[in-house]
Amino acid sequence: MEQTILLLVVGIAVAGVFGQWLGWKLSVPAIIPLLVIGALLGPVGGIIRPSAALGEVMRPAIGMAVAIIVFEGGLNLNLRELRSAGSGIVRLVAVALPLNWLMGTLAGHWVAGLSWPVAILVGAILVVTGPTVIMPLLRQARLEPRAAAFLRWEAIVNDPIGATLTLLVLSYLTLSTTMSGSAAILHLAWHTALGAGLAAALGLVVPFGIRTLFARDLAPEYLKTPILLAGALGVYAAGEAIQPETGLVGATLFGVVLANIDVTGLQELRRFKESLTVFLVSGLFILLTANIDPATIAMLSWPIAMTTLVILFVVRPLAIWLATIGAKASWRERLLVGWIGPRGVVAAAIAGVAGERLAEAGYPDARLVLPLVFAVIASTVLLHGLSLAPLARRLQLASGGRGGLLIVGASRWTVRLGEALHGAGVPVILVDRSALALKAARLAGLSTLRVEILSVIGEEVVDLRDVEQMLAATPDDAYNALVCTRFAPELGRERVHQLATEGAGTRHEAARDWRGKIVIGEDMTFQRLADLMEAGASLVVEPYRDAPSPAAAADEGWPVALVRQGGELAFLGAEHATTPGDGDLVVRLYPALLAPAVAAKRGRWRRLLMRRPTPA
């Protein structure tokens, strides 16, 4: 038995990571391959049956995993977003949720043919738009901030509310078979108020206690992340002990409060939690999909298919449209949010429990709850997952072009580099704290931003949706390394670069984990670049076939970067495994002695760029 459980857990973990990698490799939302893998392992292939292997452990394990997921989601909810999208977010929670419940109930009764009690339960389950699906989709879609805030807040806030609502309906329907309706209502009201109230109180109070603990250095650094995780699970368990699903309210509040009260050590937790959440979401999707009985698939019918279509194309769009009338949201944002509403792990987990318990309580059509909810989950994951990014770009709510370069530090060399790359079709943003340093960049027609990029304001105003790579090129080597370390988790360690440091190539150089990739060469420091530019050096963009090889001698110039035929930017240097090809453009730095020769080339590459087709 132990061997079976071990193989099941490890197999699901490995399959989940493989599904995430496959989604990245195929450039599709990872939820789609995870859903396919789960179906192949479970109802289609019959290889695993998680509920039979895990038994009673399965439901509390899923609950804890979901609590960690909603806690991580709460950490991403910044109350400053409410300034620009507050009325829309409130309406999505306070108005759209009951409208979705009402119209989902009507669809379940009139289209699927469910009895009123079962239809009410199905309507409650389907109000939940899970963060387990929304959050991964938002990472890939590059939505503009307000549209992303609408979807993120709705998913994370509605998740515990919808779960609690579903369990209340389920508990009332099962209790009403053994006691009067009024007694059942009083029983549920008391336990729900107590459970949700305790969880909410702990979710609000415990973060302040933890902040005090950390601020006074009463906890060692290595215990800070474990303390925060234990706090989230403790708050969740406190509510669950009194009324199921109320603990999710506390876990969500715990994350939201932590994210907005300036707790030290939270950045490390965010990085760890993001990796943990990806791991948990992958496993949960495979686990729940694989646990679907083939008999459930066999119960899919035309009424269920029609109900799914009504929920996708009528219920949610209409509920969102009505709820946001007069809200601070454009018609494009309302249209996007009205279409995007994928259901996730919470809906799947609750549906399995609810259908079984209702059937035992004497509701014969309760057996249709799981196939109907599964049909909605599968349809929304596939359709919304594949359509979010294209629809957002069509509505001009997301980045429609390729990512560009963010340069930190304005100097003569970075301005000339930005000008050359901009002329080659690469979007460039130059960031510096000095308005005087940015003046030359503005005169050259470059996008500039005057801000300290590591400040709180910097995090708010620097939009990374259109940024794929970053170059830190200030005179301070340590600051450059710090900037690269800060943005490596978001952009990828292979996409953050910096100038060579003093002592590069020796034992005194900063370790690779704490800096960016060195561009050009280990001897090309900021000071040497400044001296070269002062002496009259030039940056030139030229076709690769006419250029010297990247290993050319210094007196023939230094290769800095490539611009591929598709418009992608790739830096060159000892730590870059970039291979130029025919049709690529090479950005080269020529010393002053060759300046007269390269002056004639400038006109040539400018004419070449005008003839070069613009990348799609």
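Student: Leaving aside its neighbours within four places in sequence, which residues is Thr-525 in contact with?

Tutor: Happy to, and please keep in mind that this is a predicted model. Once the neighbours within four places in sequence are set aside, Thr-525 is in contact with Ala-500, Thr-501 and Glu-502. To find the spot, look at the loop between strand 6 (517-518) and helix 23 (526-534), where Thr-525 has its place. Is Thr-525 buried or exposed? Its relative accessibility is 12%, and buried means under 20%, so Thr-525 counts as buried.

Let's step back to the chain as a whole. Of its 616 residues, 52% count as buried. The secondary structure comes to 24 helices and 10 strands. If you take the contacts between residues at least 6 apart in sequence, 74% of them join residues at least 24 apart. The accessible surface of the chain is about 26,900 Å², and carbon and sulfur atoms account for 63% of that.

Start with helix 6 (residues 96-110) and helix 15 (residues 302-323), which pack at an angle of about 150 degrees with their axes 9 Å apart. Angles over 145 degrees count as roughly antiparallel, so helix 6 is roughly antiparallel to helix 15. Their crossing is right-handed. On the helix 6 side, the contact is made by Ala-96, Leu-99, Asn-100, Met-103, Gly-104, Ala-107 and Gly-108. Helix 15 brings several residues to the contact, among them Thr-307, Val-310, Val-315, Arg-316 and Leu-318. By type, the residues of this contact divide into 11 nonpolar, 4 polar and 1 charged.

Now turn to helix 9 (residues 145-175) and helix 12 (residues 247-259). These two pack at an angle of about 165 degrees, and their axes are 8 Å apart. That angle makes helix 9 roughly antiparallel to helix 12. Here helix 9 passes helix 12 in a left-handed crossing. If you display the side chains, you can pick out Ile-156, Pro-160, Ala-163 and Thr-164 of helix 9 meeting Leu-248, Val-249 and Thr-252 of helix 12. The residues of this contact divide into 5 nonpolar, 2 polar and no charged.

Methods: Residues are numbered from 1 along each chain as its sequence is written. This is a predicted model: local features need pLDDT of at least 70, side-chain atom pairs count only at pLDDT 80 or more; totals for chains, interfaces and linings use all residues. Side-chain values use heavy atoms; hydrogens and water are left out. Axes are lines fitted to C-alpha atoms, for helices over the stretch in contact, and angles run from 0 to 180 degrees between N-to-C directions. Helices (H or I, at least four residues) and strands (E, at least two) are DSSP runs, numbered from the N terminus. Angles under 35 degrees count as roughly parallel, over 145 as roughly antiparallel, 65 to 115 as roughly perpendicular and the rest as oblique. A crossing is left-handed if the near helix is turned anticlockwise from the far one by less than a right angle, and right-handed if clockwise. Contact means heavy atoms within 4.5 Å. Ala, Val, Leu, Ile, Met, Phe, Trp, Tyr, Cys and Pro count as nonpolar, Asp, Glu, Lys and Arg as charged, and the others, Gly among them, as polar. Buried means under 20% relative accessible area, exposed over 50%, partly exposed in between (1.4 Å probe, protein chains only). Accessible areas come from the Shrake-Rupley method with a 1.4 Å probe; for residues, only the protein chains shown count as cover.
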